[in-house]
Amino acid sequence: MTNTRQDAWTQDEDLLLTEIVLRQIREGGTQLAAFEEVGEKLSRSAAACGFRWNSYVRKQYKSAIEMAKAQRKKIRKQETEESAKPSKPSFESESQPEAGVPLTFHEVISFLKNYENSGSVADLKSENENLTKKINNLEQQIEKLQAEKETIHSNLKIIEEDYMMLIEMMERARNMAVLRDDERSRNGNLERA
């Protein structure tokens with residue numbers, strides 16, 4: 001965390017604060033974002049920048065603030081006008097119409113006629129058939145692989161069961177060997193006695 005300054009504001013700092021706040025207003029940003037940006041550059045808190053702006057600097061730049069707001073309004077108006085202008089698609093080539101653009105019936109009919117005559121419908125049909133065949137082949141492969149997987153799983157279960165039986169048999173054999181050794185040692189003790 002950086003240390004925040006608490007000394008007096010200089011004229012250059014006031015100018016930087018003014019410049020950044022006016023830019024944010026023109027670009028449609030918030031004053032809070034401007035205060036945070038200035039705070040980072042001057043090592044001051046955003047709250048200190050906001051207090052300085054509202055208590056002192058803003059009063060000196062009322063006309064500049066109004067100009068920045070007017071510029072923002074003008075920019076927004078231009079952007080909405082540009083986005084509202086429909087661009088007319090060309091149907092003379094094989095290009096497809098743009099989504100969201102209103103079309104007349106004549107434009108749609110001429111586009112469909114050009115599209116049908118271009119031969120791309122036949123190409124699409126043959127491509128569709130090829131893709132359908134590939135899908136069928138892949139589905140068959142999936143079925144074979146699933147059957148193989150099930151076989152492997154069942155074989156694995158059998159092997160696991162056999163392994164467990166083998167371990168059990170080895171445990172019994174070990175226990176029997178221990179019992180025999182115990183009996184021999186008892187018999188040996190009886191013979192000695």
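I began with helix H3, whose buried residues (under 20% relative accessible area, where over 50% is exposed and in between is partly exposed, with a 1.4 Å probe and protein chains only) are Cys49, Gly50, Arg52, Trp53 and Val57. I note at the outset that this is a predicted model, in which local features need pLDDT of at least 70 and side-chain atom pairs count only at pLDDT 80 or more, while totals for chains, interfaces and linings use all residues. Residues are numbered from 1 along each chain as its sequence is written, and side-chain values use heavy atoms, with hydrogens and water left out.

**Entry 1: helix H3**

I looked up what these buried residues of H3 pack against, and found helix H1 (11–27), helix H2 (31–42) and helix H4 (62–84), with contact taken as heavy atoms within 4.5 Å. Helices here are DSSP runs (H or I, at least four residues), strands are E runs of at least two, and both are numbered from the N terminus.

I then checked the length of H3: the 15 residues of this helix (residues 46–60) should span 21 Å at 1.5 Å a residue, and the end C-alpha atoms are 20 Å apart, which agrees. The expected span is 1.5 Å times one less than the number of residues. I also recorded a kink of about 50° in H3, centred on Trp53, where the bend is the angle between axes fitted to the seven residues ending at a residue and the seven starting there.

Arg58, also in helix H3, is partly exposed at a relative accessible area of 35%. Leaving aside neighbours within four places in sequence, I find Arg58 in contact with Trp53 and Ile65. Arg58 and Thr18 are 40 residues apart in sequence, yet their C-alpha atoms are 7.8 Å apart in space.

**Entry 2: salt bridges**

How many salt bridges does a search of the whole structure find? I count eight, a salt bridge being a side-chain nitrogen of Lys or Arg within 4 Å of a carboxyl oxygen of Asp or Glu.

I looked up the accessibility of both partners: Asp14 is buried at a relative accessible area of 11%, and Arg52 counts as buried at 19%. Not counting residues up to four places away in sequence, Asp14 touches Trp9, Arg52, Tyr56 and Val57.

Arg44 forms a salt bridge with Glu13, where the closest N and O atoms are 3.3 Å apart. Arg44 lies in the loop between H2 and H3 and Glu13 in helix H1, so this pair ties together parts that are 31 residues apart in sequence. Both Arg44 and Glu13 are buried.

In helix H6 (residues 120–192) I found Glu171 and Arg174, three residues apart, about one turn of the helix, with their side chains meeting in a salt bridge at 2.5 Å, N to O. Glu171 counts as partly exposed at 37% relative accessibility, and Arg174 likewise counts as partly exposed at 48%.

I also noted a network of salt bridges that links Arg23, Glu27, Glu37 and Lys41.

**Entry 3: a loop residue and a surface patch**

Ser43, in the loop between H2 and H3, has a positive phi of about 60° although it is not a glycine. At 30% relative accessibility, Ser43 counts as partly exposed.

On the surface, I found that Leu103, Val108 and Leu112 form a nonpolar patch with about 220 Å² of accessible area together. Patches are made of residues with over 30% relative accessible area and no salt bridge, like charges being joined within 9 Å and nonpolar side chains (Val, Leu, Ile, Met, Phe, Trp, Tyr) within 5 Å. Accessible areas come from the Shrake-Rupley method with a 1.4 Å probe, and for residues only the protein chains shown count as cover. Val108 is found in helix H5 (residues 105–117) and is partly exposed, with a relative accessible area of 32%.

**Entry 4: the whole protein**

Among contacts between residues at least 6 apart in sequence, 48% join residues at least 24 apart. The accessible surface comes to about 16,100 Å², of which 54% belongs to carbon and sulfur atoms.
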